[in-house]
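Subject: Structure for your files

Dear colleague,

Here is the structure you will be taking over. Please look through it before reading the notes below.

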Amino acid sequence: MKTIFKIVFIPIAILVFASCQDVVQIKLDEGSKLYVIDAFVNNLRSPQNIKVTTNDSYFSDREAPPVTNANVVLVDLTTNISYNFNYTTKGNYTYSLTPTDTIAKLNHNYMLKVTIDGYVYTSQATQKRTAVLDS
C-alpha cells in the first residue's frame, strides 16, 4: 500500500510544485483624476484633521498624491460657526482647538465644504451620541 501511495503521490506532488509560473502584466487605463476627502471630526480636545488627496493607479505602491491648494471649511449649521482648516503636510488639513473647546457637539448639524480649483464639494452630517459600552 505504501509503495502504491509513493508511486502515485510523489509524481503528482512533483507536477504540482514544479508547475511554471508566468508573471502576467496587466495594463490598466489611468482614468480620470478623482478627489478623495477623508473627514472624521470628533469631540476630543485635540487637533482635528481632514485629509484631501487624489486617487492613484491601482497597482501603485506610493502614497496617494496630496491636494495642497484646497480650501477646507467645516460649518456648524446649528450655531452658524465656521472652522477653517489649514494645510499642514501630505494632504492633511488641521484645525487646532483651544484646550476648553470642541468642534463636534451633540445633535448639531454640520456641513463640510472643500473647494478645489473652483469646484465646491459638500457633505452634511448630524453629530449623534456615541454608543455606550457596557462590558
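**What was found**

Strands β4 and β5 run antiparallel and are joined by 2 bridges; two strands count as paired if DSSP finds at least two bridges between them. Strands (E, at least two residues) and helices (H or I, at least four residues) are DSSP runs, numbered from the N terminus. In this pairing asparagine 86 stands opposite threonine 94 in β5. The hairpin of β4 and β5 has 4 residues between the strands, and lysine 90 takes a positive phi near 55° there.

Before the rest, a note on the basis of these values. This is a predicted model, in which local features need pLDDT of at least 70 and side-chain atom pairs count only at pLDDT 80 or more, while totals for chains, interfaces and linings use all residues. Residues are numbered from 1 along each chain as its sequence is written, and side-chain values use heavy atoms, with hydrogens and water left out.

**The sheet**

The pair β4 and β5 belongs to an open sheet of 7 strands, in the order β1-β2-β5-β4-β3-β6-β7, with antiparallel pairing. The edges are taken by β1 (35–39) and β7, each with a single partner strand, so one side of each is left without a neighbour in the sheet. On average, neighbouring strands of this sheet are turned by 20° against each other, direction ignored; the axes behind this angle are lines fitted to C-alpha atoms, for helices over the stretch in contact, and angles run from 0 to 180 degrees between N-to-C directions. As background, strands of a sheet pair through backbone hydrogen bonds, either parallel or antiparallel.

Strand β3 (residues 71–76) pairs with β6 in the antiparallel sense over 6 bridges. It pairs with β4 in the antiparallel sense as well, over 5 bridges. Leucine 74 stands opposite leucine 112 in β6 and opposite tyrosine 83 in β4. Valine 73 stands opposite lysine 113 in β6, and valine 75 stands opposite serine 82 in β4. Because 5 of the 6 residues of β3 are buried, this strand is largely enclosed by the rest of the structure. Buried means under 20% relative accessible area, exposed means over 50%, and partly exposed is in between (1.4 Å probe, protein chains only).

**Turns and loops**

In the hairpin of β3 and β4, which also has 4 residues between the strands, asparagine 80 takes a positive phi near 60°. Asparagine 107, in the loop between β5 and β6, has a positive phi near 65° and is partly exposed at 49% relative accessible area. Aspartate 117 lies in the loop between β6 and β7; its phi is positive too, about 50°, although it is not a glycine.

**Aromatic residues**

The model has 4 aromatic pairs. Rings of Phe, Tyr and Trp (its six-membered ring) pair if their centres lie within 6.5 Å; planes under 30 degrees apart count as stacked, over 60 as edge-to-face and the rest as tilted. The ring centres of tyrosine 83 and tyrosine 95 are 5.3 Å apart and the planes are at 80°, so this pair is edge-to-face. Tyrosine 83 lies in strand β4 (residues 81–87) and tyrosine 95 in strand β5 (residues 92–95), so the pair ties together parts that are 12 residues apart in sequence. Tyrosine 83 is buried, at 3% relative accessibility, whereas tyrosine 95 is partly exposed at 22%. One aromatic cluster is formed by Tyr83, Phe85 and Tyr95.

**The largest pocket**

About 280 Å³ of space lies in the largest pocket. It is lined by 16 residues, and those closest to its centre are Ala39, Val41, Leu74, Tyr110 and Ala125. A pocket here is an open set of points on a 1 Å grid over the protein atoms alone, where a 1.4 Å probe fits, with protein on both sides within 12 Å along at least five of seven lines; lining residues have an atom within 4 Å of a point. Strand β7 gives the largest share of the lining, 4 residues. The lining divides into 11 nonpolar, 5 polar and no charged residues.

**The helix**

Isoleucine 12 is in helix α1 (residues 2–17) and is partly exposed, at 48% relative accessible area. Isoleucine 12 and asparagine 43 are 31 residues apart in sequence and 62 Å apart in space, C-alpha to C-alpha.

Regards

Definitions and conventions: Grid points are joined across faces, edges and corners, and a volume is the space filled by probe spheres set on the points. Ala, Val, Leu, Ile, Met, Phe, Trp, Tyr, Cys and Pro count as nonpolar, Asp, Glu, Lys and Arg as charged, and the others, Gly among them, as polar.
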